[in-house]
Amino acid sequence: MNIHNNDLTPEERAIHEHWMREAITEARKAEALGEVPIGAVIVHNEQIIGRGYNLRETTLDSTAHAEMVAIREASTALGSWRLLDCRLYVTLEPCPMCAGAMVQSRLPLTVYGTTDPKAGCAGTLMNLLQEPRFNHRPEVIEGILQEECAGLLTAFFRKLRQRPSKL
């Protein structure tokens, strides 16, 4: 079961909003490169140990999603593929690949900003993070700074549509 932002105490919400702002900072780095503005951070012992932003176009790598970049960095920081006692914050609901990586890396908590109606696998299209047949099921908190996270994407795609087409 996903936990919605409205179900948190004010103290819990403040903590999650703090870290989501860090993920938004990462998303803005992607936007500056012309990438879809999605950002992620991984927190361990109240310190960021992994940061990532979307780099698919820049690297020509379909796996260079914000979450994947952050997971790789956090794994290196901990010297382990198991991200136990960590929390992942991401501005957009994880896709199937990223949700699978979260399950495989044993992340206990995923927090996301806004839903993804086209690829969301943390509750929108399906919920891979809490699939009962898997041996690990991260807790999910949704809707943290939802309007701000959605606004980044809406503004980015609006600008993209306004560009003159190349013939």
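The tour of this predicted model starts with the sheet and then moves to single residues and pairs.

**Stop 1**

Six strands make up an open sheet, and their order across it is 1-6-5-4-2-3, with mixed pairing. Select residues 3–4 and then 47–53: these are strand 1 and strand 3, the edge strands, each of which pairs on one side only. Strands in a sheet pair through backbone hydrogen bonds, and the pairing is either parallel or antiparallel.

Now select strand 4 and strand 5. In which sense do strand 4 and strand 5 pair? They pair in the parallel sense, over five bridges. For one position across this part of the sheet, select Leu92, which stands opposite Thr114 in strand 5.

**Stop 1: helix 4**

Select residues 96–104, which form helix 4. Which residues of helix 4 are buried? They are Cys98, Ala99, Ala101, Met102 and Val103. Show what surrounds them: the buried residues of this helix pack against helix 3 (66–78), strand 4 (86–92) and strand 5 (109–114). Strand 4 and strand 5 are the parallel pair from the previous stop.

Step just past the end of helix 4 to Arg106, where phi is positive, at about 65 degrees.

**Stop 2: the loop between strand 2 and strand 3**

Select Asn45, in the loop that joins strand 2 and strand 3. Asn45 is not a glycine, yet its phi is positive, at about 50 degrees. Its relative accessibility is 61%, so Asn45 counts as exposed.

Go on to Glu46, which is in the loop between strand 2 and strand 3. Glu46 is likewise a residue other than glycine with a positive phi, near 60 degrees. Glu46 counts as partly exposed because its relative accessibility is 42%.

**Stop 3: salt bridges**

Side chains of opposite charge can pair when their charged atoms come close.

Next select Glu26 and Lys29, whose side chains form a salt bridge at 3.0 Å, N to O. Why is about one helical turn between Glu26 and Lys29? Because they are three residues apart in helix 1. Glu26 is buried, at 2% relative accessibility, whereas Lys29 is partly exposed, at 36%.

Then select Arg133 and Glu131. The closest N and O atoms of this salt bridge are 2.6 Å apart. Arg133 is exposed, with 73% relative accessibility, while Glu131 is buried, with a relative accessible area of 17%. To finish this stop, show Glu22, Glu26, Lys29 and Arg51 together: salt bridges with shared partners join them into one network.

**Stop 4: Glu35**

Select Glu35, in the loop between helix 1 (10–32) and strand 2 (39–44). Glu35 is buried but has no salt bridge. The nearest side chain of opposite charge is that of Arg56, 5.8 Å away. That distance rules out a salt bridge because the cut-off is 4 Å.

Which backbone atoms lie by the side chain of Glu35? A polar atom of this side chain lies 2.5 Å from the backbone nitrogen of Thr58. The backbone nitrogen of Arg56 is 3.4 Å from a polar atom of the Glu35 side chain. Beyond its neighbours within four places in sequence, Glu35 has contacts that include Ala30, Asn54, Leu55 and Phe156.

**Stop 5: the aromatic pair**

Select Phe156 and Phe157, which form the one aromatic pair in the structure. Their ring centres are 5.1 Å apart and the planes are at 80 degrees, so the pair is edge-to-face. Phe156 is buried, at 8% relative accessibility, and Phe157 is partly exposed, at 33%.

How values were computed. Residues are numbered from 1 along each chain as its sequence is written. This is a predicted model: local features need pLDDT of at least 70, side-chain atom pairs count only at pLDDT 80 or more; totals for chains, interfaces and linings use all residues. Side-chain values use heavy atoms; hydrogens and water are left out. Rings of Phe, Tyr and Trp (its six-membered ring) pair if their centres lie within 6.5 Å; planes under 30 degrees apart count as stacked, over 60 as edge-to-face and the rest as tilted. Buried means under 20% relative accessible area, exposed over 50%, partly exposed in between (1.4 Å probe, protein chains only). Helices (H or I, at least four residues) and strands (E, at least two) are DSSP runs, numbered from the N terminus. Lys and Arg count as positive and Asp and Glu as negative; His and the chain ends are not counted. A polar contact is a pair of N or O atoms within 3.5 Å; within protein, one must be able to donate a hydrogen and the other to accept it, and residues adjacent in sequence count only if both atoms are side-chain atoms. Contact means heavy atoms within 4.5 Å. Two strands pair if DSSP finds at least two bridges between them.
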